[in-house]
Amino acid sequence: MSSPDGTAPPDRPDGTAAEEPRIEDLVHEDAGPTPRFGGLASEHAEHEAAAADAEVMTESGVEDAGTTTAPVTPTETGGKLELGPVGHLGDRLFGGLARGSGGLVVLIVAFVGIFLLALAIPALIDDKSNFLFSRIWEPGGDQPRFGIAALFYTTVISSIIAMLIAVPIAIGVALFVTYYAPKRLAAPVAHAVDLLAAVPSIIYGLWGILFFAPILRPVINGLSTALGWIPLFEKPPGDNVGVVFTASVVLAIMILPVVTAISREIFAQTPIAHREGALALGATRWEMIRLSVLPYGRSGVVSASMLGLGRALGETVAVLIILSVPNGNDPWNSSIFAGGETFASKIANNAAEFDSPEKTGAYIAAGLVLFVVTFLVNSAARIIVDRSAPGTKRPRRNRRAGAATEGASA
Amino acid sequence: MAKRIEVSGLNVYYGDFKAVEDVSMTVEPRSVTAFIGPSGCGKSTFLRTLNRMHEVIPGARVEGKVMLDQQDLYGAGIDPVAVRRVVGMVFQRPNPFPTMSIFDNVASGLKLNGVKDRKKLTEVVESSLKGANLWNEVKDRLDKPGAGLSGGQQQRLCIARAIAVEPEVILMDEPCSALDPISTLAIEDLIEKLKDRFTVVIVTHNMQQAARVSDQTAFFNLAATGKPGRLIEMAPTKQIFSNPAEKATEDYITGRFG
Amino acid sequence: MTAVAENKPAYDGKVLDLTGKSGARAFKNTLATVLIVLAFAVAMIPLLWILFTVVSKGYHLLLSADWWSQSQRGITVRRAGGGAYHAIMGTLIMALITAVIAVPIAILGAIYLVEYGKGTRAAKVVSFMIDILTGVPSIVAALFVYAVWITVFGFNRVGFAVSLSLVLLMLPVVLRSTEEMLKLVPDELREASYALGVPKWKTILKVVVPTAFGGIITGVMLGLARVMGETAPLLILVGYSKNINLNPFNGFMGALPTMINQDRTELALPNAADRVWAAALTLILLVLALNLLARLIARFSAIKSK
């Protein structure tokens with residue numbers, strides 16, 4: 001422990017700060033009482049076996065067998081004090097458990113990746129069509145042919161539209177909570193928005209297709225009449241409301257609480273000096289927000305949007321219920337006013353088909369692509385925060401906001 | 001109880017930065033020793049090396065010897081946990097454990113080290129609270145949370161907590177800097193009383209306080225910012241404040257600098 | 001809006017506007033206010049609408065004792081009757097197993113990140129892996145367990161497999177919230193404990209964790225609420241059973257989301273529709289109750305940072 005780690009804490013180049021080490025500013029690597037034991041997961045397993053009797057030894061202060069130093073014998077007459085090791089088996093066990101849990105998390109993630117890959121690769125090798133660019137999905141049989149182009153398109157387009165709808169509203173709600181709502185109203189309002197995250201996604205799906213989709217019909221008709229010359233907005237014949245656009249709007253509602261919670265937290269952190277600076281210059285409330293709050297929170301809002309996007313990409317059941325699966329004979333349609341399938345809804349829709357490793361492998365391959373896309377989007381969100389966060393400790397807090405509002409979504 | 005501390009040739013580093021250089025001193029048992037000096041001179045850092053509390057900061061290390069009577073606190077086979085059981089500490093801001101009652105706060109040192117005997121705990125809590133001049137104020141609400149006390153009471157609670165484990169030495173790191181004048185007086189009275197039983201070392205920014213409570217005073221200073229802090233002079237308090245040997249000490253205590 | 005160009009706002013330092021806001025600036029300010037309040041209203045509509053829909057359509061079945069004590073055994077889609085006991089129990093059992101596995105790993109993992117590994121490269125790796133896990137969609141978690149449990153080991157589709165996949169979803173939620181709470185515990189308390197000669201592990205167990213306890217429980221509740229509403233793993237990893245099955249290692253199991261899913265295509269039939277909405281209301285009540293409880297605990301046990 002008394003070995004230098006080679007780097008002086010950054011706030012300590014001049015002597016002034018050195019006197020009172022501000023613990024909270026410094027990394028708290030090891031609290032000292034414990035010499036740094038190896039603490040490997042494997043080591044802790046063997047200690048666990050000895051845990052029962054070892055515990056007793058620790059409590060009574062008996063020399064812990066693992067320590068190499070000679071015991072210091074206490075003298076009765078008070079001259080010498082017992083300053084030898086006081087039994088750190090508890091420390092070693094507990095530290096080992098903690099480290100083991102950390103290692104377990106790494107193992108779990110590695111296993112997820114390895115298993116999915118191991119099962120996907122054989123199916124991919126057998127694939128007779130181009131996995132990335134084909135729109136056909138006919139796994140299984142002698143000539144399995146499957147590609148993810150259509151799934152990828154529907155997944156990404158529905159999530160992006162959801163993000164485009166949700167972000168402006170989320171910014172508005174976040175500003176309302178932080179700078180517009182009366183103080184007493186702000187907290188309940190914030191909680192109400194958080195409750196949106198608590199509604200299970202299957203209920204969003206049911207409500208979305210049964211109650212919400214019908215009122216979207218005029219919107220769909222209006223948009224397709226006005227912009228129908230663009231293929232994206234071309235409405236196929238029929239009166240289907242179980243379309244990508246409907247799914248997007250419902251997804252927007254579902255990711256709203258996540259985006260709101262993170263934006264809210266960042267807006268609230270705008271330094272009071274910036275805000276008062278603007279106000280003192282005679283800015284209106286909106287000008288104050290435009291001048292100080294929005295620039296300060298920009299990177300945070302971008303990353304919140306990305307996290308929302310990540311959530312939308314992986315959403316399963318709501319999309320599964322809302323989106324009508326196109327008839328296999330119809331030509332593929334890129335319009336957002338047509339039905340379709342996302343990665344997640346495709347997999348969930350066909351759970352009954354997982355009867356042979358080849359078929360399962362195809363769906364797992366699709367799941368892997370979804371995993372990679374979600375991961376890239378989430379990483380991008382984090383990189384943006386880490387790079388441009390005006391505050392130092394921000395990224396962590398943001399993540400918590402994401403986690404805390406992660407109510408029930410499937 | 002109460003032991004002599006002999007420090008010789010002590011250097012303290014944070015990583016590559018030398019914060020304190022070549023300190024040697026003797027702290028007498030059953031006395032109060034005050035460390036004074038300008039901000040950043042390393043006196044709190046040095047104080048923390050006396051019970052190895054500096055080790056909670058990564059990269060902090062010492063060279064040199066700290067002898068507690070015959071034992072080197074940095075010798076081979078010495079466990080910092082054991083050191084802290086005999087060299088207690090009171091911090092700048094009162095820090096009672098928020099989840100524990102007054103009783104449990106005082107008993108925490110014993111309880112966490114495995115003492116379960118309720119009768120013994122009750123005795124120790126009472127005698128420690130009495131020793132910290134707090135008994136009369138809290139004896140009817142020992143089961144209430146410690147965080148509910150006033151700042152000065154909380155600090156005395158922390159002192160009671162420190163003396164409950166019967167240490168040899170009590171280190172105090174600016175124990176009154178977060179307190180009002182009345183509470184400060186109460187703590188100073190208490191320090192006077194503690195020195196009958198313990199070796200007390202106190203870091204203070206308040207020179208009147210050093211003059212009032214201490215027997216010995218050590219003046220720390222640094223040559224310039226970025227340079228390590230050093231012990232300039234250590235002498236009986238009366239002498240330091242009336243007839244210091246060093247010019248820097250005189251400048252500091254007469255307020256000409258720092 | 002041409003007025004804006006001439007009457008440059010005062011912060012540019014060019015024009016000192018001491019008479020008050022110009023018409024255009026006041027208008028913009030009002031417009032922004034209206035839009036922001038409107039955004040809030042728009043966000044509230046779905047919440048109230050969903051709650052109203054589910055409550056009004058589902059509440060009457062919840063009033064009968066049968067709903068809470070009977071299964072759907074032998075009840076066909078056209079018939080009324082039966083209850084959701086099998087599904088409620090299934091949801092609770094699977095959530096409980098998930099929590100039993102995930103919570104200890106999550107709390108110990110957070111202790112590792114905050115107390116033992118802080119600043120080390122290993123901790124950064126662990127932290128990164130948790131970020132990955134946070135982003136894993138539930139369907140991918142379900143596929144993974146399918147790959148291990150069914151494809152590789154050849155076990156059957158059972159409730160326990162669902163719990164395993166839910167662990168992947170709950171773990172990062174609880175771990176991150178616990179980590180945040182542990183970080184909020186002031187270092188002064190750790191120091192106070194060390195200064196009493198208390199070893200590190202006891203300091204963590206007896207001082208740090210109790211101080212953060214309320215926050216940790218809040219995280220557990222929110223994690224539970226999240227996994228209880230998950231549907232995708234249920235669809236893939238366990239069949240829906242109308243009968244009461246309390247054994248997570250054998251046979252299909254009912255659960256509230258799959259009970260909803262079971263009859264959702266038959267909503268034209270009044271009895272099926274009643275069941276679907278009643279099951280939805282039951283699920284919302286469970287999840288909302290956990291959320292509200294979590295927030296209450298959080299409010300009453302917030303760490304006081306002076």
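Two residues are in contact here if their C-beta atoms, placed from the backbone, lie within 7 Å. Keep that cut-off in mind for the tour of this predicted model.

**Stop 1: where chain B meets chain C**

Select chains B and C together. By that cut-off, 23 residues of chain B are in contact with 18 residues of chain C. Now colour the side of chain B that touches chain C by residue class: 12 residues are nonpolar, 7 are polar and 4 are charged.

**Stop 2: the annotated part of chain B**

Stay on chain B and select residues 5-247, where UniProt places the feature "domain: ABC transporter" in an unreviewed entry. Over this range the chain is 35% helix and 27% strand.

**Stop 3: the annotated part of chain C**

Move to chain C and select residues 88-294, which carry the UniProt annotation "domain: ABC transmembrane type-1", also from an unreviewed entry. How much of this range of chain C is helix, and how much is strand? The chain is 78% helix and 0% strand over these residues. The end C-alpha atoms of the range are 20 Å apart.

**Stop 4: chain A**

Finally, select chain A, which has 13 helices and 2 strands. Of the 410 residues in chain A, 50% are buried. Among contacts in chain A between residues at least 6 apart in sequence, 74% join residues at least 24 apart.

Key:
Residues numbered from 1 in each chain as written. Chains lettered and ligands numbered in written order. Predicted model: local features only at pLDDT ≥ 70, side-chain atom pairs only at ≥ 80, totals over all residues. Nonpolar A, V, L, I, M, F, W, Y, C, P; charged D, E, K, R; others polar. Helix = DSSP H or I, 4+ residues; strand = E, 2+ residues; numbered from the N terminus. Buried ≥ 20, exposed ≤ 12 C-beta atoms within 10 Å, placed from the backbone. UniProt positions renumbered as here; feature names shortened; annotations may be inferred.
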